[in-house]
Amino acid sequence: MKKLILILAVALSGCALIFPKPHDPVMFGHVIDVKVGLSKISCEDKSNWQPVLDKVETLKVYSTERGDPQSDAFGKLEEALKKAKDSKSSTFCESIVKLNKTRVDVTIDAWKGRK
């Protein structure tokens, strides 16, 4: 399990660990908002998902315009969360949310070290 998390961390962090962009507090604040939002969403009641999806879309556009290496991760995060929201299977939804919580944690770790 630890090996899987390490592999995911490296795969999801992209080039940010090799070629870090300077620290951007706006992006970091938004990714923290997404982390908090993901902790509050439910696969049983999907009525409160839109604020999280809106923040992810903001991060995707912002990071793309800025040329940040994490823009691909946010595009994949948005796509996965939309699939989870549209899914009828609670198990599938929960597994997607859990995996993408890890994706957000990896992004936070990648951005933490930026100055």
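I started with Asp24, which sits in the loop between helix H1 (2–13) and helix H2 (25–40); helices here are DSSP runs of H or I, at least four residues, numbered from the N terminus. I'm working on a predicted model, where local features need pLDDT of at least 70, side-chain atom pairs count only at pLDDT 80 or more, and totals for chains, interfaces and linings use all residues. Numbering runs from 1 along each chain as its sequence is written, and side-chain values use heavy atoms, with hydrogens and water left out.

Is Asp24 buried or exposed? Asp24 is buried, at 13% relative accessible area (buried is under 20%, exposed over 50%, partly exposed in between, with a 1.4 Å probe and protein chains only). Leaving aside neighbours within four places in sequence, I found Asp24 in contact with Tyr62 and Arg66 (contact is heavy atoms within 4.5 Å). I also looked up Trp111: its C-alpha is 8.5 Å from that of Asp24, though the two are 87 residues apart along the chain.

Next, aromatics. My search of the whole structure gave one aromatic pair. Phe74 and Trp111 form this pair, tilted, at 5.5 Å centre to centre and 50° between the planes. Rings of Phe, Tyr and Trp (its six-membered ring) pair if their centres lie within 6.5 Å; planes under 30 degrees apart are stacked, over 60 edge-to-face, the rest tilted. Phe74 is in helix H4 (residues 71–86) and Trp111 in helix H5 (residues 90–112), so the pair ties together parts 37 residues apart in sequence. Phe74 is buried at 2%, and Trp111 is buried at 2%.

Last, I checked Leu81, which touches Leu38, Trp49, Val52, Leu53 and Val56, not counting residues up to four places away in sequence.

How values were computed
Helix = DSSP H or I, 4+ residues; strand = E, 2+ residues; numbered from the N terminus.
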